[in-house]
Amino acid sequence: MKNALIWFCRIGVGLLFIFSGLIKINDPLGFSYKLEEYFEVFHITFLNGLAVSIAILLCALEIILGFALLIGVRAKQVVWGLLLLIIFFAFLTFYSAFFKVVQTCGCFGDAIPLTPWQSFSKDLVLLLLILVLFKNRASISPLFKSKTGDQLLTASIVIAICMGLYTYNFLPVIDFLPYKIGANLPDEMKTPPGAVPDEYQLTYHLKNKKSGATKDMTDKEYMATGIWKDTTWAIQGNPDRTLVKKGFLPKIVDLSIQDAQGTNYTQELLANPFYNLVIVAYDLEKTDDQAINRINALAFTLVQNFNVRTILLTSALPKDAEAFSKKHHLVAEIYYADGVPLKSMVRANPGVLLLKKGTVINKWHYHSLPKYDDLVKDYFQKQ
């Protein structure tokens with residue numbers, strides 16, 4: 001029974017750590033944004049410049065420790081590492097939940113969004129399983145000889161880190177965001193007919209004019225008891241509004257594209273029936289200059305030969321964007337949007353989307369920018 005319990009904990013913890021690490025290492029840039037939120041909460045924003053590196057290392061560490069536990073290599077050190085890591089994660093999720101600071105922990109990236117309390121509950125279960133392994137760490141037997149185990153461990157380290165570097169430089173292998181290839185953005189922004197809205201409960205604060213007695217009642221109690229007919233009771237102040245049940249929420253709720261004067265062009269740009277090129281550079285101060293020059297050269301040729309509408313989306317101030325445009329002689333029209341949806345559109349700064357009728361036909365990191373001839377062959381000759 002003891003051996004079975006150890007194997008149950010070993011397989012459960014190992015697989016869950018590998019799964020969690022793989023989900024996040026698929027999108028290390030997205031995980032780095034989440035780390036920056038924590039850095040801000042704990043007033044250690046000086047680490048923002050290292051956020052991507054820390055993200056890749058943390059994700060790789062989860063995969064490595066999970067794999068090492070499964071094959072039983074260096075069991076004592078691995079179990080110590082798992083214990084320290086889960087205590088660290090549990091602290092973060094509890095802090096987020098109790099103080100309501102970071103409302104999505106990023107434990108499973110954008111693939112499986114969890115609330116902080118859900119994440120904390122998951123971490124507590126993992127902590128219990130790891131404590132069983134920690135107590136019985138001497139009983140964790142390796143599946144391979146020591147030399148073979150070390151070789152497999154080394155291979156897992158190399159593979160995990162290379163995965164993180166690849167997805168950071170060439171976009172996630174699987175895109176879990178609402179701007180993925182094939183998504184129709186106007187549809188992702190709609191609330192379908194008959195969708196259930198959020199359900200709220202109102203709590204009224206009442207005071208009796210004669211006795212001075214006070215009481216709180218929900219809106220349902222207020223109507224059911226008929227107290228509203230009693231003129232001696234008066235509502236004091238504004239009622240408290242509490243969310244009881246979450247309703248339907250469109251996948252895209254925060255995308256608003258405007259010009260420098262604040263005119264909204266979201267619907268116009270997304271309704272374009274032809275191919276249009278969207279260059280996303282949410283932070284122009286961090287935008288790769290050589291990359292933007294290559295993209296601009298590609299856009300210029302497409303504009304000249306196919307009259308492709310090209311826009312640059314940024315969250316920069318208009319004066320900074322205009323200066324950036326003049327510096328790089330951009331052919332793109334400049335529009336503005338909040339940085340949060342721009343970071344979700346494409347995990348690159350700059351990145352490129354090819355849209356048609358509001359549908360994401362393709363997207364590219366600046367490291368994997370297609371050649372002009374390939375674009376023409378694959379898209380513009382077919383339109």
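The model is a predicted one, in which local features need pLDDT of at least 70 and side-chain atom pairs count only at pLDDT 80 or more, while totals for chains, interfaces and linings use all residues. Residues are numbered from 1 along each chain as its sequence is written, and side-chain values use heavy atoms, with hydrogens and water left out.

View 1. The strands follow the order 7-6-5-8-9 with mixed pairing; strands (E, at least two residues) and helices (H or I, at least four) are DSSP runs numbered from the N terminus, and two strands pair if DSSP finds at least two bridges between them. At the edges lie strand 7 (333–336) and strand 9 (359–365), each of which pairs on one side only. Strand 5 (residues 275–280) and strand 8 (residues 351–356) run antiparallel and are joined by six bridges, and Val280 stands opposite Gly351 in strand 8.

**View 2. Helices against the sheet.** Helix 10 (residues 289–306) packs on the sheet and touches strand 5, strand 6 (309–314) and strand 8, contact being heavy atoms within 4.5 Å. The direction of helix 10 makes about 165° with that of strand 5, with axes fitted to C-alpha atoms, for helices over the stretch in contact, and angles running from 0 to 180 degrees between N-to-C directions. Helix 13 (residues 372–380) lies across strand 5, strand 8 and strand 9, and runs at about 165° to strand 9.

**View 3. The pair Tyr33 and Tyr282.** The structure holds 20 aromatic pairs, a pair being rings of Phe, Tyr or Trp (its six-membered ring) with centres within 6.5 Å, called stacked when the planes are under 30 degrees apart, edge-to-face when over 60 and tilted for the rest. The ring centres of Tyr33 and Tyr282 are 6.3 Å apart and their planes stand at 85°, so the pair is edge-to-face. Tyr33 belongs to helix 2 (residues 28–41) and Tyr282 to the loop between strand 5 and helix 10, 249 residues apart. Tyr33 counts as buried because its relative accessibility is 12%, and Tyr282 is likewise buried, at 15%.

**View 4. The pair Trp80 and Phe134.** With centres 4.8 Å apart and planes at 90°, the rings of Trp80 and Phe134 form an edge-to-face pair. Trp80 counts as partly exposed at 43% relative accessibility, whereas Phe134 counts as buried at 17%.

How values were computed:
Buried < 20%, exposed > 50% of the residue type's maximum accessible area, 1.4 Å probe, protein only.
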